[in-house]
2 protein chains.
Amino acid sequence: MDEDNSKAKARNYRVTSFDVAAEAGVSQSTVSRALAGDPVVSEATRLRVAEAARRLNYSVDENAARLRTGKTGTLAVVVICRPDEDRKDLNPFTYSLLGTICAAASVRGYETLVSFQDGPQNLSGRYEERRKADGLILIGTTQNLDAWNYYRDLGQSGMKLVCWGSPFDDLEWIRSDNHAGAVLATDHLINAGFRQIVCIGSENSLQRQFKERYDGYCEAIHAAGLTPALIEIEEGLSREEQGRRAVRALKASGQPFDAIFAVCDELALGVLRELTETGTRIPQDCGLIGFDGIRASAHAMPPLSSIQPDFTAAGAMLVDKLLAVIAGKAHEQRRVPVSLLARESTRRS
Amino acid sequence: MDEDNSKAKARNYRVTSFDVAAEAGVSQSTVSRALAGDPVVSEATRLRVAEAARRLNYSVDENAARLRTGKTGTLAVVVICRPDEDRKDLNPFTYSLLGTICAAASVRGYETLVSFQDGPQNLSGRYEERRKADGLILIGTTQNLDAWNYYRDLGQSGMKLVCWGSPFDDLEWIRSDNHAGAVLATDHLINAGFRQIVCIGSENSLQRQFKERYDGYCEAIHAAGLTPALIEIEEGLSREEQGRRAVRALKASGQPFDAIFAVCDELALGVLRELTETGTRIPQDCGLIGFDGIRASAHAMPPLSSIQPDFTAAGAMLVDKLLAVIAGKAHEQRRVPVSLLARESTRRS
DNA sequence: CTGAAAGCGCTTACAG
DNA sequence: CTGAAAGCGCTTACAG
């Protein structure tokens with residue numbers, strides 16, 4: 001501890017560009033230009049400065065640079081949580097997206113300031129005003145409407161903001177190609193030989209993607225000359241519980257079914273559990289496919305077929321759209337391509 | 001788009017503390033003090049300034065404040081990935097930890113700068129030098145040794161750094177109470193009536209926690225008058241594949257077993273899959289418990305018993321230890337408490 | 001309790 | 001190609 005203290009004191013003096021300038025025998029402005037890679041400085045000088053900086057273990061103070069340039073080189077990522085939700089229990093889909101956003105930002109030379117927000121005392125998106133970030137990416141649950149209204153207002157007032165799957169059309173958004181994905185899922189069931197395919201999902205949810213997926217399902221069902229059927233999920237429950245209850249409602253309805261398309265994986269996991277526990281075997285008695293491609297669906301028994309968005313593309317598109325908004329340019333891309341993950345739960349033997 | 005442009009131009013002029021000063025009829029220094037809540041300013045003045053700031057929609061430019069104070073109010077969180085690993089496929093345990101770290105930092109008034117790092121071109125922890133963060137929290141896989149060596153060097157050279165489950169003792173670390181957790185898991189199996197309990201794990205892995213868990217297992221086994229047995233996992237594979245192969249090795253060995261303690265959940269999921277596919281029923285033919293409490297284990301069929309660290313405590317301890325390191329204070333806590341998640345995979349009926 | 005002034009460490013016109 | 005100087009927007013001794 002004591003040695004550390006003396007070390008800490010030695011580090012208290014900060015090496016600045018003036019020190020490097022003295023060391024290299026040039027002016028401070030030249031140091032700044034050389035280190036920034038300004039092509040106007042001669043190669044010889046650039047090397048001399050770089051060498052001096054290395055010797056002194058110098059790094060640019062990016063706070064000072066930012067103050068001068070007005071740019072932060074940082075993007076804020078806000079993850080909206082349910083008010084009562086533990087931070088560790090977030091939807092894994094959200095976490096995957098967070099990972100690819102940070103990766104995409106990094107590749108483009110930006111840092112990412114991440115925060116998890118839920119209640120009103122917790123909502124704060126004024127990163128631009130406080131000069132902490134150049135713009136903001138919003139992801140997370142659509143079920144926290146207060147939070148989305150807060151950010152909608154900020155978006156209206158000119159804040160640079162893009163989001164994943166917004167419940168509102170007046171924000172800049174990116175989403176999975178839900179329609180195409182639902183067609184893919186439904187066609188997959190049809191091709192496997194299933195005929196009485198029920199959709200467990202919603203026409204009215206704030207989750208716009210649920211409606212989009214239901215529409216895609218209907219289109220594929222009609223194209224095959226079959227009849228669509230929807231079990232609407234109950235609001236205000238966990239996805240797993242919604243899935244369980246939808247199965248009970250389906251069974252109680254007497255409606256015949258040989259396969260289920262659940263509009264998200266967490267729903268599908270509840271469906272799977274309820275069916276299995278009540279003696280319906282997957283896929284022998286009932287085929288099942290979800291949507292989102294979360295890891296848990298691969299670990300389910302049997303492994304659950306799903307539709308997976310290209311997460312890497314999703315992160316890149318969110319970052320690129322935000323950078324376009326910041327630059328005041330147009331950015332038309334909105335839909336992330338999806339693909340089929342065919343696993344055992346849809347294998348008709 | 002055109003309306004937005006004019007708006008953007010109008011916002012181009014930045015409101016500063018001087019503008020607020022003029023509006024409130026006080027000096028700029030008073031504005032700074034009033035907004036910082038300095039108790040020396042009179043209540044009347046403070047209110048007048050706050051009102052003026054609100055009218056002008058003013059926010060402190062935190063870059064400027066930081067330049068002046070030398071503090072960033074930011075903690076860097078670096079997630080170490082495997083070099084070949086997709087950002088979206090990270091261990092869910094890591095993501096849960098990331099969530100609770102960000103939450104704990106936020107409660108303590110700090111922002112979190114998050115980055116995912118893998119290869120050498122990608123490693124950069126010099127947040128302090130560049131004045132981007134006051135310190136760094138390191139989490140993620142222990143399997144990327146290059147990355148850990150890089151950060152070990154930074155830690156040695158005085159950087160403020162704490163990590164989760166370091167492979168090195170000379171860094172400041174926090175870990176689950178692995179010994180107690182393993183005892184909990186093993187006693188749980190013993191109490192359920194299992195007697196031939198095999199551990200699938202490692203004595204030599206860089207993952208120190210694997211050894212700690214194995215030791216806890218041995219202690220509980222010996223205390224019950226039973227005989228321990230370890231199947232050592234093979235290096236360089238995915239955890240799931242390691243689990244599968246360990247089961248094959250176990251079966252090939254002819255060693256009798258009626259339960260398995262897998263030292264992490266991802267391993268346990270591979271074990272579960274291999275056993276189920278080869279006709280061994282869980283828990284009727286073999287009990288199974290993992291460690292880490294990841295979500296996928298709850299969704300497995302049957303749901304997998306596990307040992308769960310208190311993630312909220314883990315995030316808080318990491319942040320508190322880092323803040324202690326930054327302040328030059330001692331912080332003794334290192335072990336995160338764990339608890340048993342008893343599910344079907346250990347239910348002996 | 002309040003104000004005038006210095007200075008944090010850069011970048012970037014402006015000269016040469 | 002390089003240097004001297006201004007200034008980004010704050011906080012905080014120093015006076016009063």
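**View 1. The contact between chain B and chain A.** In this predicted model, the contact draws on 59 residues from chain B and 59 residues from chain A. The size of an interface is often given as the accessible area lost when the parts come together. Between chain B and chain A the buried area is about 5,600 Å², and carbon and sulfur atoms contribute 48% of it. The count of residue pairs in polar contact between chain B and chain A, with both residues at pLDDT 80 or more, is 19. On the side of chain B that touches chain A, at least two residues come from each of α5, α6 (92–107), β2, α11, α12 (295–299) and α13 (311–327) of chain B, and the largest share, eight residues, is supplied by α6(B). Sorted by class, this side of chain B holds 20 nonpolar, 17 polar and 22 charged residues.

**View 2. Salt bridges across the interface.** Side chains of opposite charge can pair when their charged atoms come close. Across the interface of chain B and chain A there are 12 salt bridges. One of them joins Arg130(A) to Glu111(B), with 3.3 Å between the closest N and O atoms. This pair crosses between chains, with Arg130(A) placed in the loop between β2 and β3 (135–140) of chain A and Glu111(B) in strand β2 (residues 111–117) of chain B. Glu111(B) has a relative accessibility of 13%, so this residue counts as buried. Glu111(A) likewise forms a salt bridge with Arg130(B), and here the closest N and O atoms are 3.3 Å apart.

**View 3. A salt bridge between a helix and a loop of chain A.** Over all chains the count comes to 60 salt bridges, and one that lies within chain A pairs the side chains of Asp320(A) and Arg108(A), at 2.6 Å from N to O. Because Asp320(A) lies in helix α13 (residues 311–327) and Arg108(A) in the loop between α6 (92–107) and β2 (111–117), the pair ties together parts of chain A that are 212 residues apart in sequence. Both partners are partly exposed: Asp320(A) has a relative accessibility of 28%, and Arg108(A) has a relative accessible area of 31%.

**View 4. Charged pairs within each chain.** In chain B, the side chains of Glu277(B) and Arg244(B) meet in a salt bridge at 3.3 Å from N to O. The two residues, 33 apart, link helix α11 (residues 265–277) with helix α10 (residues 239–253) of chain B. Glu277(B) is partly exposed at 48% relative accessibility, whereas Arg244(B), at 13%, is buried. In chain A, a network of salt bridges links several residues, among them Glu234(A), Arg244(A), Arg248(A), Arg273(A) and Glu277(A).

**View 5. The surface near DNA strand D.** DNA strand D is surrounded by 26 residues, and the closest are Arg33(A), Thr45(A), Gln28(B), Ser32(B) and Arg68(B). By class, this surface has eight nonpolar, 12 polar and six charged residues. The helices α3 (28–36) and α5 (62–69) of chain A and of chain B each supply at least two residues, and α5(B) gives the most, with five residues.

**View 6. Individual contacts to DNA strand D.** Of the atoms of DNA strand D within 4 Å of the protein, 57% belong to sugar or phosphate, and the rest belong to bases. A polar side-chain atom of Arg33(A) lies 2.4 Å from a base oxygen.

Notes:
Residues are numbered from 1 along each chain as its sequence is written. Chains are lettered from A and ligands numbered from 1 in the order in which they are written. This is a predicted model: local features need pLDDT of at least 70, side-chain atom pairs count only at pLDDT 80 or more; totals for chains, interfaces and linings use all residues. Side-chain values use heavy atoms; hydrogens and water are left out. A salt bridge is a side-chain nitrogen of Lys or Arg within 4 Å of a carboxyl oxygen of Asp or Glu. Helices (H or I, at least four residues) and strands (E, at least two) are DSSP runs, numbered from the N terminus. Buried means under 20% relative accessible area, exposed over 50%, partly exposed in between (1.4 Å probe, protein chains only). A residue is near a molecule or strand if one of its heavy atoms lies within 4 Å of it. A polar contact is a pair of N or O atoms within 3.5 Å; within protein, one must be able to donate a hydrogen and the other to accept it, and residues adjacent in sequence count only if both atoms are side-chain atoms. Ala, Val, Leu, Ile, Met, Phe, Trp, Tyr, Cys and Pro count as nonpolar, Asp, Glu, Lys and Arg as charged, and the others, Gly among them, as polar. Contact means heavy atoms within 4.5 Å. Buried area is the accessible area (1.4 Å probe) that two parts lose on being put together, summed over both.
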